[in-house]
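Welcome, and thanks for taking a look at this one with us. Below is a short briefing on charges, packing and backbone angles.

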Amino acid sequence: MDLEFCSGLTTITGETGAGKSLVLDALGLALGDRGDSERIRSGAERAEVCASFEINSNAPATQWLADNDLDSAGDCLLRRILTRDGRSRGFINGQPATMTQLRTLGAMLIDIHHQHEHQSLLEKEHQRTLLDEFGSHQKLLKQVGTDYRDWHQAQVRLADIEQRADETLARKDLLTFQSQELGELDLQVGEVEALEREQSLLANADTILFDSHQVLILCDGEDSSQLTVLPALSRASQLLGAMEQNSPALKEALTLLDSAHIQVEEALGELQSYVDQVEPDPARLQLVEDRLSTAYQLARKHKVKASELPQLCEQLKVELSSLCANDNDTETLTERVKALADSYQSKAKKLSVARKKAAKQFAQKINQQLQALAMADASLQIALTPLTNNYSQKGLETVELLISTNPGQEHRSLNKVASGGELSRVSLAIQVVAAHNSTIPVLVFDEVDVGIGGATAQTVGKLLRELGDNGQVICISHLPQVASCAHHHLLAQKQKGEKTNQSRLVTLDAKQRIAEIARMLGGERITTKTRSHAEEMLGL
């Protein structure tokens with residue numbers, strides 16, 4: 001079905017089960033409502049819904065589309081696809097969009113008032129929302145909420161620090177002692193390994209010197225009783241050099257002997273240099289061993305390797321510095337909590353003043369509508385009750401709608417005074433007032449006139465028509481009084497087919513409209529009297 005709604009008030013009527021609510025169900029899908037594969041017609045693999053909105057004069061929606069890179073030159077097109085396997089896809093102006101994006105944008109395009117909305121009217125939070133929306137407090141309410149969250153976080157942090165004050169002080173004392181202990185040792189990175197090598201050298205100095213001198217003697221000693229390495233290599237070279245045979249093998253052997261002689265001489269030079277550096281030093285050995293002993297003790301104490309002590313020292317200093325930082329200082333944080341509380345109180349008091357002013361205007365307008373809805377003796381008040389703890393994310397007070405339905409009767413909560421029919425009319429009065437102050441261009445009322453009739457129903461129709469004079473209003477109704485006030489009239493019909501039934505919407509002309517109003521007045525049997533009454537209601 002392809003349906004275009006005109007400006008003004010459009011009513012949708014029809015017998016129960018004809019499919020009136022299908023229009024709102026389809027619109028809800030396009031606006032991001034939860035999808036259900038059961039909605040798909042039997043035998044079909046998918047369902048698709050598109051809704052096009054004119055947004056030239058809707059600045060919030062235009063700005064949101066631009067901010068999300070979803071804007072287009074023409075109208076705004078929302079599209080939703082449901083498949084039989086349960087998948088759901090959404091699109092805004094041809095680009096993929098999430099359900100959250102569809103719902104966010106949809107809230108700027110259309111405002112739907114459901115027939116059971118009076119049930120949520122009993123909730124104080126919903127009542128507060130109604131007042132804040134009427135007074136356009138959204139910006140100030142957001143600032144109050146932000147200040148409250150900042151204050152609450154700082155307050156929790158302060159309470160945590162104060163609760164752990166003794167534990168923190170003990171930790172700081174321990175870290176201070178440990179840092180001083182490691183600082184006095186002042187162990188450097190790689191020092192443990194160097195000390196271990198030095199300790200091994202000093203502890204074995206005598207053995208090293210003795211063995212080294214033995215090597216020197218074996219290689220180039222002065223003991224004539226035995227032939228040492230260097231003289232032996234020299235003698236061997238002389239013997240090979242004196243041989244007359246010009247053999248390549250002898251020449252190679254001679255070259256190797258000469259090379260060996262050179263390498264032994266170099267080895268002896270390195271060994272002599274090392275021996276010259278080795279000197280038994282009991283005092284230095286004691287110092288090295290004492291330092292290593294201290295390092296090993298601290299390593300066992302902290303359950304780390306001795307070589308890891310320098311890194312541990314830095315970690316302890318960092319933690320100690322963190323505990324001593326300004327952010328953890330009770331006095332500094334106390335001042336921050338006070339500053340945030342002052343900022344919150346300032347904005348929350350502004351919100352309270354704004355609510356008090358809006359509450360008076362809101363109640364006055366609702367009472368005017370209640371009189372028009374045959375509740376002349378009813379009186380509604382909006383109570384702003386200060387919170388006992390004086391802090392909340394929504395301001396300094398609770399908001400509650402109180403009503404008195406009879407003269408002299410005390411104003412009490414809606415759920416304690418109003419009957420079901422009265423509550424429906426109170427809800428309708430509030431919705432009409434809210435709609436007058438709404439910046440959303442499209443208003444939808446889904447059987448909000450349930451439970452009323454007669455002259456009151458006629459008044460409801462006139463109220464809805466007034467709303468339609470300033471915008472686009474769509475209303476599903478069972479009341480002929482409401483339908484007769486519409487600028488446009490759509491009839492929901494169920495057509496029987498060979499295998500299945502289908503619902504359709506028909507735009508009624510003047511003659512067809514008389515017949516539908518007459519049906520709504522008199523039922524299936526339309527008499528001349530009911531037709532005449534219908535013509536009278538339509539002003540024909």
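Is Asp 2 buried or exposed? Asp 2 is exposed, because its relative accessibility is 78% and the cut-off for that class is over 50%. Please keep in mind that this is a predicted model. With that said, here is a tour by topic.

**The nonpolar core**
- In soluble globular proteins, nonpolar side chains tend to be buried together.
- Here the largest nonpolar core contains 42 residues, and Phe 362, Ile 382, Val 426 and Phe 445 have the most contacts inside it.
- Several elements give two or more residues to this core, among them the helices α5 (124-134), α14 (330-372), α16 (420-436) and α17 (454-469).
- Strands take part as well: β7 (379-386), β8 (397-404), β10 (442-446) and β11 (472-476) each give two or more residues.
- Helix α16 supplies the largest share of this core, with eight residues.

**Helix α1**
- Helix α1 runs over residues 20-30, and its buried residues are Lys 20, Val 23, Leu 24, Leu 27, Gly 28, Leu 29 and Ala 30.
- An α-helix has 3.6 residues a turn, so residues three or four places apart point the same way.
- After α1 comes Gly 32, which has a positive phi near 100°.

**Salt bridges**
- The whole structure holds 16 salt bridges.
- One of them pairs Glu 48 with Arg 46, at 3.3 Å from N to O. Glu 48 is partly exposed at 38% relative accessible area, and Arg 46 is partly exposed at 45%.
- Another joins the side chains of Asp 85 and Arg 87, at 3.0 Å from N to O, and both of these residues are exposed.
- Glu 319 and Arg 171 also form a salt bridge, with 2.9 Å between the closest N and O atoms. Glu 319 belongs to helix α13 (residues 309-323) and Arg 171 to helix α7 (residues 165-185), so this pair ties together parts that are 148 residues apart in sequence.
- Glu 319 is partly exposed, with a relative accessible area of 31%, and Arg 171 is partly exposed at 31%.

**A closer look at Glu 397**
- Why does Glu 397 count as buried? Its relative accessible area is 10%, and buried means under 20%.
- Between the C-alpha atoms of Glu 397 and Ala 348 there are 9.3 Å in space, while the two residues are 49 apart in sequence.

- Most residues other than glycine have a negative phi.
- Ser 136 has a positive phi, near 55°. Ser 136 lies in the loop joining α5 to α6 (138-163), and counts as exposed at 57% relative accessibility.
- Asp 186 has a positive phi too, near 50°. Asp 186 is placed in the loop between α7 and α8 (191-203), and is partly exposed at 46% relative accessibility.

Methods:
Residues are numbered from 1 along each chain as its sequence is written. This is a predicted model: local features need pLDDT of at least 70, side-chain atom pairs count only at pLDDT 80 or more; totals for chains, interfaces and linings use all residues. Side-chain values use heavy atoms; hydrogens and water are left out. Buried means under 20% relative accessible area, exposed over 50%, partly exposed in between (1.4 Å probe, protein chains only). A nonpolar core is a set of buried Ala, Val, Leu, Ile, Met, Phe, Trp, Tyr and Cys residues joined through side-chain atoms within 4.5 Å. Helices (H or I, at least four residues) and strands (E, at least two) are DSSP runs, numbered from the N terminus. A salt bridge is a side-chain nitrogen of Lys or Arg within 4 Å of a carboxyl oxygen of Asp or Glu.
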